[in-house]
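Subject: Structure handover

Hello,

Here is the structure I promised to pass on. Please open it first, then read my notes below.

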Amino acid sequence: MQQKILYGGDYYPEQWLKYPDILAQDVEYMKEAGINTVTLGVFAWSMLEPEEGRYEFGWLRGIMDRLYESGISVILATPSGARPKWLSDRYPEVLRVREDGRRNLFGGRHNHCYTSPVYREKVRAIDMALAREFGSHPAVILWHISNELGGECHCPLCQQAFRDWLKKQYRDIEELNDCWCTTFWSHRYQSFEQIEAPSSLGEKAVHGLNLDWKRFVTAQTADFASEEIRAVREGGGSQPATMNLMYDYSGLDYDELAKQMDTVSWDSYPLWHKQEDIRTAMDNGMQHDFMRSLKKKPFLLMESCPSATNWQGVSKLKKPGMLAAASLQALAHGSDSVLYFQIRQSRGSSEKLHGAVIDHYGGRDTRVFQEVKSLGGSLKKLGEIAGSRTKAEAAVIYDVQNRWALEDSQGPRNKGMHLHEAAMKSYQALKKLGMNVDVISQSQPLEGYRFVAAPILYLFRDGMEEKIRRFVEAGGCFVLTYWSGISDRWDRCFLGGTPYGLTDVFGIRRTETDALYDQEENRMVSDGQLLPKGEYVCRNLCDLLELKGAEPILRYGDDFYAGSPAATVHAFGAGKAVYVGADGEQRLYDELYARLAAEAGVETLTAGAVPEGIEVCSRCSEKAEYVFVQNYRNEPADIRSLDLKGEILYGGSQNELGPYETLIVRRQKSTR
Ligand code: GAL
């Protein structure tokens, strides 16, 4: 799209139309800070269409022209994330209905029905009008569809659309009854017309219904968004389109949304300085990698906070250097932008105390502005990185449909299955080895990876067991953990032994699963064969395993199953299938993956070990590889162990990094 890193963020000039001096000054400040892109129009509907059918685009054109003259591009948003009062007064059906059947009052945002034909028609009209007016404006580089799509509506229109969607998924009602196991508790349906969305006032215990409802909500949201894109295109807006996604959001299957857009973008608000920053960086890094893996190409950091947010429990300031570290982390993981929420802080309402590039004081002699400006200067010199790709030979499967089923199911641990934490353990273990890691869903291919870890893959869908079999057969190393391969697409338990379809591949069968109380622990003991002699603490869940050809590499230390296998390895085809039977501590994954990933031949980005508190990533262009090394400690770090060679593009030295400092080295591409 561009050979520059997009730098800037959300800007709300409509809140400042009565302050022309401020508007003029803002653009000057933007130029000074190196800002080259702003997002306009998010939530501007009531100013763009103050009365039904009467558009007022003059103010937006004036601002857009001025930005363009100043060399600043525009990401233009469709305003459907919040609607004007006249719209819901005249057409109350556009407001969302809750699961108890009550319709919301006007207010807030994300408070609309995705199904409502009236809402869709009104959105289409404003989107087309915007595209007609601004589709050929030279400032506009990207369309930003709505804002953080999410939530669900239970109105009669949505209920009917759900039934219609179900009719397309199933041959007849009998097939649906079978898939949902509705004979249990006499919940059988005689016709599709009887089906209602899950609700705590009614049916919530049919897990197949719950899963299909979430799939429907995703399909309906994706359809709503694709109609918006169509309206923009028909109006003459031919620029690429994006939707801004959210951190670890489980309300929608983002795979489906990603199919509708040209570029993925997301909003990142990590809680820096709450715990060790390297842990926060790993957690945020996993989200960056998830977003990049949706399309396996560069994404955009659409929102981030230049100082402190105001919606988190505690609004902590970023320590000096943290802003640059967090922003460059996005680049390191494959973003082509650093965009903020927001350029100027609003005066009133709920976000008046949210951090911004320009605060209420209004000057540029602030710490935040100066840091933003300094980063702007640096990014200008890093344009060649834009568009470069991330090559990962290792992947972690983190699948939202699996999460839906796992968290909805009753047992074996209603006090928490800790899927996110389990995924993090695998992810961190690989990152500590200095590798690029993709974070993928079950619907993505496994070809091209050498090592794949699937923590708690409870639900198998779309032939997952066959995919895993083929991957191992062809020479890959696959790690599956406890409580995997238990249920199918409708959360129906598989018959005939688990992990389903893979007992020969892994050389084991899970016979039982013990759930541990929060305060309980067991031990996984190594006799020194594959892992060093010693033991690892495990918690939460312990699978009991029957060996069917696999070698045990760990055995339980306690309880009635002490001495029985706790983790196994099995050679299958040209590859290796490893089963980790319990929720082991981080050190287990660190030591196990170090060994397995090396044996599988996964390339590390640096020659030597990655020191504590450091993160390493890389991106490749046609000509070069860019290696990012980041120090997430508030003290200097010795990085000589990395033995990093190449030309320094950003940062001071290959030997030491200052607190929160980043080093970017350009080197020749690896030929592999
Ligand atoms: C995002 C949202 C923005 C703004 C921001 C505050 O989730 O898209 O509009 O509210 O949070 O951090």
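Let me start with one residue. Arg539 is partly exposed, with a relative accessible area of 35%. The model is predicted, so please read every value here as computed from it.

What does Arg539 meet? Its side chain forms a salt bridge with that of Glu521, at 2.9 Å from N to O. Glu521 is partly exposed too, at 42% relative accessible area. Arg539 sits in strand β15 (residues 534-547). Glu521 sits in the loop between β13 (508-515) and β14 (522-526). The pair therefore ties together parts that are 18 residues apart in sequence.

Now the overall picture. The protein chain has 17 helices and 25 strands. Its C-alpha atoms fill a box of roughly 75 × 70 × 45 Å along the principal axes. A compact globule of 672 residues would have a radius of gyration near 26 Å. The chain has 26 Å, so the two agree. Buried residues make up 60% of the 672. The chain exposes about 25,900 Å², and carbon and sulfur atoms supply 49% of that area.

Contacts across the sequence come next. Take those between residues at least 6 apart in sequence: 72% of them join residues at least 24 apart.

How many bridges join β20 to β21? There are 7, and the two strands run antiparallel, with β21 covering residues 624-631. Within that pairing, Val616 has Val629 in β21 as its bridge partner.

Asp336 and Arg619 form it, with the closest N and O atoms 2.7 Å apart. Asp336 lies in the loop between α11 and β8 (337-340), and Arg619 lies in β20, so the pair ties together parts 283 residues apart in sequence. Are these two residues buried or exposed? Asp336 is buried, at 8% relative accessible area. Arg619 is buried as well, at 0%. Both values fall under the 20% cut-off for buried.

Arg120 pairs with Asp223, and their closest N and O atoms are 2.6 Å apart. Arg120 is in helix α5 (residues 117-134), while Asp223 is in helix α8 (residues 207-235). The pair links distant parts of the chain, 103 residues apart. Arg120 is buried, with a relative accessible area of 10%. Asp223 counts as partly exposed, at 32%.

Salt bridges can also be linked into a network here. Glu52, Arg90, Glu121 and Lys122 are connected in that way. A search of the whole structure finds 54 salt bridges.

Best wishes

Notes:
Residues numbered from 1 in each chain as written. Predicted model: local features only at pLDDT ≥ 70, side-chain atom pairs only at ≥ 80, totals over all residues. Heavy atoms only, no water. Pairing = 2+ DSSP bridges. Helix = DSSP H or I, 4+ residues; strand = E, 2+ residues; numbered from the N terminus. Rg over C-alpha atoms; globule rule 2.2 N^0.38 Å. Buried < 20%, exposed > 50% of the residue type's maximum accessible area, 1.4 Å probe, protein only. Contact = heavy atoms within 4.5 Å. Areas by Shrake-Rupley, 256 points an atom, 1.4 Å probe, with all protein chains shown as cover. Salt bridge = Lys/Arg side-chain N within 4 Å of Asp/Glu carboxyl O.
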